[in-house]
Amino acid sequence: MPQHPSAVYWFTENKHHFGDIVGLGAGLHFSVAIGEKGTVAWGWNSKGQLGEGTVANSAEPVYVGRHRLSSPKLQMVSCGTMHSLAIER
């Protein structure tokens, strides 16, 4: 395993927890993925754009929100320079 796993490696290793990707968004130096079983984000986080409650950058995906979000409610994500938005069903 690489010292700093890539997002692709994370998704491969965590597919049983995350499920298939159903939506993706990319902002300036960060990304968000909606999965069948949760929503994750990774990259720069200086303005809290990852949505996990801190301003710490993350090289690998972290779950959005205090608890793993139930993504059957989320159908789409869009990211801007330093923000992200999601649409519920």
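Before we start: two strands count as paired if DSSP finds at least two bridges between them. Also keep in mind that this is a predicted model.

**Exercise 1.** Work out the strand order of the open sheet and say which strands sit at its edges.

*Solution.* Step one: follow the pairing through the 4 strands, which gives the order β1-β2-β3-β4, with antiparallel pairing. Step two: look for strands that pair on one side only; these are β1 (21–26) and β4 (58–63), the edge strands. Step three: check how neighbouring strands of this sheet are turned against each other, and you get 15° on average, direction ignored.

**Exercise 2.** Zoom in on β3 and β4: over how many bridges do they pair?

*Solution.* Start with β3, which covers residues 39–43. Its pairing with β4 runs in the antiparallel sense over 3 bridges. Now pick A41 and look across: V62 in β4 stands opposite.

**Exercise 3.** Describe burial, surface and contacts for the protein chain.

*Solution.* Take burial, with under 20% relative accessible area as the cut-off: 37% of the 89 residues count as buried. Next, the accessible surface comes to about 5,600 Å², and carbon and sulfur atoms account for 56% of that. Finally, take contacts between residues at least 6 apart in sequence: 34% of them join residues at least 24 apart.

Conventions: Residues numbered from 1 in each chain as written. Predicted model: local features only at pLDDT ≥ 70, side-chain atom pairs only at ≥ 80, totals over all residues. Heavy atoms only, no water. Buried < 20%, exposed > 50% of the residue type's maximum accessible area, 1.4 Å probe, protein only. Contact = heavy atoms within 4.5 Å. Areas by Shrake-Rupley, 256 points an atom, 1.4 Å probe, with all protein chains shown as cover. Helix = DSSP H or I, 4+ residues; strand = E, 2+ residues; numbered from the N terminus. Axes fitted to C-alpha atoms, helices over the stretch in contact; angles between N-to-C directions.
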